[in-house]
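Subject: Structure handover

Hello,

The structure is below, with the sequence. My notes on it follow.

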Amino acid sequence: MEKKTASITRTIRCFFVLIFAGLLITFSLISINLSTHALEAPDEITVAAAISLKDAFGEIGRIFKSHTGTKVVFNFGASGILQKQIEGGAPVDVFASAGEKQMNELESKGLIIKETRRDFARNALVLIVPIDSQLNINSFNDLINPNLKRLAIGNPKTVPAGEYSQQLLTNMKLWERLQSKLILAEDVRQVLNYVVSGDVDAGIVYASDVSTAQGKVATVARAPEGLHDPILYPIAVIKDSQLARGFVDLVLSPDGQSILRKYGFLSIK
């Protein structure tokens, strides 16, 4: 009887051992499968870019994903605000600025991979008015027209387009005379939206921005050369990786440059 009981006990133990071993194998296979999918899943890179680049970079990002399988997550905004976010430790792989000042400050703090920095585009300032404007504004000097009540520009403290606008208006002896009319926007696209909606009588934006509002605004003047700093767009890798460098390479490539020209940006050369 004791032998029979011992035999049954051994059988039960073997049964549970087999079940346990089966569970271990099953969990191992699941773990391997999940790990394989994780390795196969496309990576992401985060690109912080000036809001004026939104349309062009959106297209470049789609091409990058089709070539690499890597999704580009964009954070568009005023270059000065993006700079502060990077200084605060925001997880960014690539930074593209609408001004050299913001990139220079990050470089001075050792926050970019210096050898990856490149200028990739230029731009120009233009004066725009609502498409149905009746104010007869045809030049920057017409901004002192008493019937013009509100002029939108980017905030010069954080928006490169605003800083260039201030330089321009100062050199044209208009800055002080226009103080009561100025509406300071958070970024250059907000300036554009103010003009489109008719909330302001005129605005100063980049030439590239006008392409996004065809038929809604009229360009009445282009800023004379030499009255503001050159509008250069630098790009650099923040968090070094092959993917980040690959995105910069695409922006600088003939395909990337062609897309930028399509959206109104000027070539560096």
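What share of the contacts in the chain with a separation of 6 or more comes from residues 24 or more positions apart? The figure is 77%, where contact means heavy atoms within 4.5 Å.

This is a predicted model, in which local features need pLDDT of at least 70, side-chain atom pairs count only at pLDDT 80 or more, and totals for chains, interfaces and linings use all residues. Residues are numbered from 1 along each chain as its sequence is written, and side-chain values use heavy atoms, with hydrogens and water left out.

Confidence

The chain has a mean pLDDT of 88, with 84% of its residues at 70 or more; pLDDT is the predictor's confidence in each residue, from 0 to 100. Residues 1-9 have pLDDT below 50, and this stretch has zero contacts in the model beyond near neighbours in sequence. Residues 14-42 also stay under 50, with two contacts beyond four places in sequence. Where pLDDT is low, the predicted coordinates should not be read in detail.

Overall make-up

The chain contains nine helices and 10 strands. These are DSSP runs numbered from the N terminus (helices: H or I, at least four residues; strands: E, at least two). Of its 269 residues, 43% count as buried, meaning under 20% relative accessible area, with exposed over 50% and partly exposed in between (1.4 Å probe, protein chains only). The accessible surface is about 14400 Å², and carbon and sulfur atoms hold 55% of that; the areas come from the Shrake-Rupley method with a 1.4 Å probe, and for residues only the protein chains shown count as cover.

Aromatic pairs

The whole structure holds nine aromatic pairs. Rings of Phe, Tyr and Trp (its six-membered ring) pair if their centres lie within 6.5 Å; planes under 30 degrees apart are stacked, over 60 edge-to-face, and the rest tilted. Phe64 and Phe247 have ring centres 5.7 Å apart and planes at 80°, so they are edge-to-face. Phe64 is in helix H2 (residues 54-68) and Phe247 in helix H8 (residues 242-252), so this pair ties together parts 183 residues apart in sequence. Both Phe64 and Phe247 are buried.

Phe120 and Tyr233 are edge-to-face too, at 6.0 Å centre to centre and 70° between the planes. Phe120 sits in strand S4 (residues 118-122) and Tyr233 in strand S10 (residues 232-237), 113 residues apart. Phe120 and Tyr233 are buried.

Helix H2

H2 spans 21 Å from first to last C-alpha over 15 residues, close to the expected 21 Å (1.5 Å times one less than its number of residues). Its buried residues include Phe57, Ile60 and Phe64. Just after H2, Gly69 has a positive phi of about 80°.

Cores

A nonpolar core is a set of buried Ala, Val, Leu, Ile, Met, Phe, Trp, Tyr and Cys residues joined through side-chain atoms within 4.5 Å. The largest one has 68 residues, of which Leu53, Phe57, Phe120, Leu151, Phe247 and Leu260 touch the most other members. Apart from it lies another core of 10 residues, among them Ala48, Leu82, Phe95 and Met103. Beyond four places in sequence, the contacts of Leu260 include Leu53, Phe57, Phe120 and Phe265.

Ser165

Ser165 belongs to helix H5 (residues 160-171) and counts as buried at 0% relative accessibility.

Regards
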